[in-house]
Amino acid sequence: MSLAVKVHLRLGTFTLDVDLDLPMDAVTALFGRSGCGKTTLLRIIAGLQRAKGAEVRFGERVWQRGRQFVPLHRRRIGLVFQEHSLLPHLSVQGNLLYGYRRTPEHLRRLQPPEVTEMLGIPDLLDRPIDQLSGGQRQRVSLGRALLTSPELLLLDEPLAALDTQTKREIMPFLARLGSEARVPMVMVTHAPEEVERLASRVVFLQSGRVERNESLRQALARPDSPLFSEDGAASVLEGTLGTANERGLHPFGTERMRLWVYPSAASRPGQTARLRIMARDVSLALDDPHRISILNHLPVTVERVGQSGTHRSLVTSRTADGQQLLAELTSWSVERLALEPGSRAFALIKSVALIG
Amino acid sequence: MLGLGPEDWQAIELTFRLCLYTTIILLIIATPIAWWLSSGHSPARVAIQAVVALPLVLPPTVLGFYLLIVLGPRGAVGGTLESLGLHHLAFTFEGILVASVIYSMPFAVQPLTEAFNNLGRRPVEVASSLGANAVDRFLTVILPLTRGGFVVAATLTFAHTLGEFGVILMLGGSIPGETRVLSVLIYDHTEAMNYASAHRLSLLLVIFAFLVLFVVYGITRRFRVARP
């Protein structure tokens, strides 16, 4: 299954020139600054904006080509917008069921109880929507889109209008959607964190053109990745969350790598998850220090030492199970420890970002 | 009752019928026009907006004059009807109905455009993504969310048609049961020095118009829909 889009669109001085073929396995992020054309591209995929001469194909189905144009209501797309978009004259329940009722019975893969459960909204059903918080509204929007059993979910900066706390609250739900609801997603975002936590593929857009279209792994392997330009370099570790020990910490990792983390409210033991670790929160030691407050020590092998600004180095290393971990150190430290490709070290992780 | 004679009742019935038909027809016509006007900016939209608003500024005699020419036996519309074996529209109820629809058009289009502008396109896009087709979207999203605008448009259209005089006099004359509406009858009563009758009907219109506007402004406040 793939999504193919070919667009050449002029809007005043701005030109959107895109020719993309995206494998639709999980979550694709359209990443770029505001004004790069990512939302326009999403609207063309949805059929909300009719670009002349554009071609949009989803799997075997042609949505737009020449004069052929399938309107949005027949594309079986779920849409989630940036700002609050619940229908104000309907209750939560009314919103959730609006699309469900219009989905032919034989196409309904998801039922209201499982969706409300998945999103943690069973208690909100009878509320008028003006009594919901921003985070609750976005969860209801997500649920509403899912209940149409869409073949593709399009998200236009779904977290941008939320505060950091609420973002953290919603992100795990989004992360679980991909796997649990088995709906491919295309998400527009300008936040590296959202890409790193949610995406499996990322399309970098700049001034209406595709700069790169690569897997998240490839995007994170480049020290000059656009994902790192704002918040700094980061690594994504994948693993399974275990049950909490008596101190409330959960083991996380794979057979050959283990970390201790505090999970978010929405994550569940047994679930595969991602950990986002900022390179500046990682230190390297040649010996494993025991009398130290930092809990997470991972044996790693250095793969590459690169420059990252003046007097700073970005060290790329591999954990025991082969995952990439970046550490940002002073160049002096790199010299003192004589770190070079092949060196063995212990990565000390100061703070572990919540699980997405 | 109320000291009104049979010709007064006939005029009241006729006026009511004219207002009702005009309102129904205009709501049907004005809705797509208003939707189109509110869905973007283009020179064509500005032009149509100006044309729709023309009756607000033109003397009714100008409108009546042109309608008389177009709808009359030698006009484009009237002549075509004649050649099809039908009657032309000057001095007929159908003729003043056409005139009323054009004359009251801004009072239907403007509140609806305003309501659609306030609504924005997002709710409609949402409904499309949830599988609703155009009719479905209109009935389940647009109508419930802009019903204030529809009530205002309907009431203003009705009320404004009630006050129509010049256009009807030009196009329809004063044919009892056909074109002699209340405003024309009041004129006739006054011409005939029949002040008591003119007074009764005038007072009736004043009270009715006040009630209508009272209701409209009440609704406008409740729904926060801008007035024309």
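Analyst: Happy to. One thing to keep in mind is that this is a predicted model.

User: Which residues is A:P341 in contact with, leaving aside its neighbours within four places in sequence?

Analyst: Those are A:V302, A:E303 and A:R304. Contact here means C-beta atoms within 7 Å. As for A:S317, its C-alpha atom is separated from that of A:P341 by 8.5 Å, and the two residues are 24 apart along the chain.

User: How do you know that helix 6 of chain B is largely enclosed by the rest of the structure?

Analyst: Six of its eight residues are buried, so helix 6 of chain B (residues 122-129) is described as largely enclosed. The buried ones are B:P123, B:V124, B:V126, B:A127, B:S128 and B:S129.

User: What covers those buried residues of helix 6 of chain B?

Analyst: The cover includes strand 7 of chain A, together with helix 5 (93-119) and helix 7 of chain B. After helix 6 of chain B comes B:G131, which has a positive phi, near 95°.

User: Strand 7 of chain A is part of that cover. What does strand 7 give to the side of chain A that touches chain B?

Analyst: The two chains meet through 18 residues of chain A and 13 residues of chain B. On the chain A side, strand 7 (77-80) and helix 2 each supply at least two residues. Strand 7 gives the most, with three residues. By class, that side of chain A has nine nonpolar, seven polar and two charged residues.

User: Why are helix 2 and helix 4 of chain A called roughly parallel?

Analyst: The axes of helix 2 (residues 92-101) and helix 4 (residues 134-146) of chain A cross at roughly 30°. Angles under 35 degrees count as roughly parallel, and therefore this pair does too. Their axes also come within 7 Å. From helix 2 of chain A, the contact uses A:V92, A:N95, A:L96, A:Y98 and A:G99, which meet A:V140, A:G143 and A:R144 in helix 4 of chain A. That contact has four nonpolar, three polar and one charged residues.

User: Which residues have the most contacts inside the largest nonpolar core?

Analyst: They are A:L154 and A:A347, in a core of 109 residues. Helix 5 of chain A contributes the largest share, six residues. Domain 1 (2-222) and domain 2 (235-349) of chain A each give at least three residues to this core. As background, nonpolar side chains tend to be buried together in soluble globular proteins.

User: What is A:L154 in contact with, leaving aside its neighbours within four places in sequence?

Analyst: A:L154 is in contact with A:L42, A:I45, A:A46, A:I77, A:G78, A:L79 and A:V186. There is also a second, separate core of 44 residues, which includes B:L89, B:V152, B:A159 and B:V167.

User: How do the two domains of chain A meet, and what is on the domain 1 side?

Analyst: Nine residues of domain 1 are in contact with eight residues of domain 2. Helix 5 (164-180), helix 6 (192-198) and helix 7 (216-221) of chain A each supply at least two residues of the domain 1 side. The residues of that side divide into four nonpolar, one polar and four charged. The domain centres, taken over C-alpha atoms, are separated by 32 Å.

User: Lastly, how many helices and strands does chain B have?

Analyst: Chain B has 11 helices and zero strands. Of its 228 residues, 37% count as buried.

Note on methods: Residues numbered from 1 in each chain as written. Chains lettered and ligands numbered in written order. Predicted model: local features only at pLDDT ≥ 70, side-chain atom pairs only at ≥ 80, totals over all residues. Axes fitted to C-alpha atoms, helices over the stretch in contact; angles between N-to-C directions. Helix = DSSP H or I, 4+ residues; strand = E, 2+ residues; numbered from the N terminus. Parallel < 35°, antiparallel > 145°, perpendicular 65-115°, else oblique. Nonpolar A, V, L, I, M, F, W, Y, C, P; charged D, E, K, R; others polar. Domains from an automatic or database assignment. Core = buried A, V, L, I, M, F, W, Y, C linked by C-beta atoms within 7 Å. Buried ≥ 20, exposed ≤ 12 C-beta atoms within 10 Å, placed from the backbone.
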